[in-house]
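Trainee: Could you show me how to read packing and charge pairing in a model such as this one?
Mentor: Let us look at it together and begin with the contacts of a single side chain.

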Amino acid sequence: MNVPSHSPAADVLVIGAGPVGLFLANLLGRSGTTTLLLEKRLAETATPSMAIGIMPPSLSLFESIALAEPLVRAGCAVRSAVVHDQTSTLGRLDFSTLPAPFPFILSIPQGELMRLLRERLADYSTVRFMEGCEAIGLRQDTSSATVQVRDVRDGTCK
């Protein structure tokens, strides 16, 4: 993939720096893959949580980028839960019997998860994170692709 001359070339373009895009960029960085990560939202934009927690298999994947321990420190380990409606208990869940090393569901605000993932990107020199930028065009030929990027703050193209 080619990007304009003042931007570095990248092997992979990731559009969107939500939890999945950030995690993918971290994995690509860990593998040494040159990556361009675009996110049109600015960090100061509040991100509502869209999930209830992080499951043990996902925590194991976060271990691969040395992020499981910081996440566990920042979150709350839920080992059991009671589900109820307005009048009665509907059921009880026991997560403590899940296998080690994560016998719990980790509750952590999505904004905190994303902050930790963004911070981890600094460990990878092959990842370039462009916040406040959106992809507005793509041109592809047989050997490469060129993405046109616009800065949402001032409308300039990069």
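Trainee: Leaving aside neighbours within four places in sequence, which residues is Phe 62 in contact with?
Mentor: In this predicted model, once those sequence neighbours are left aside, Phe 62 is in contact with Phe 23, Ile 54, Leu 67, Ala 68, Leu 71, Leu 113 and Leu 117.

Trainee: Which members of the largest nonpolar core touch the most other members?
Mentor: That core has 25 residues, and those touching the most other members are Ile 54, Phe 62, Leu 71 and Leu 117. Two or more residues come from each of α1 (19-30), α2 (56-63), α3 (68-74) and α4 (110-121), with α4 giving the largest share, five residues.

Trainee: How many salt bridges does a search of the whole structure find?
Mentor: The search finds seven. One of them joins the side chains of Glu 112 and Arg 115, with an N to O distance of 2.6 Å; these two are about one helical turn apart, because they lie three residues apart in helix α4. Glu 112 and Arg 115 also belong to a salt-bridge network that takes in Glu 119.

Trainee: For the salt bridge between Arg 120 and Asp 123, why does Arg 120 count as buried or exposed?
Mentor: The side chains of Arg 120 and Asp 123 meet at 3.3 Å, N to O. Buried means under 20% relative accessible area and exposed means over 50%, so Arg 120, at 17%, counts as buried, whereas Asp 123, at 51%, counts as exposed.

Definitions and conventions: Residues numbered from 1 in each chain as written. Predicted model: local features only at pLDDT ≥ 70, side-chain atom pairs only at ≥ 80, totals over all residues. Heavy atoms only, no water. Core = buried A, V, L, I, M, F, W, Y, C linked by side-chain atoms within 4.5 Å. Buried < 20%, exposed > 50% of the residue type's maximum accessible area, 1.4 Å probe, protein only. Helix = DSSP H or I, 4+ residues; strand = E, 2+ residues; numbered from the N terminus. Contact = heavy atoms within 4.5 Å. Salt bridge = Lys/Arg side-chain N within 4 Å of Asp/Glu carboxyl O.
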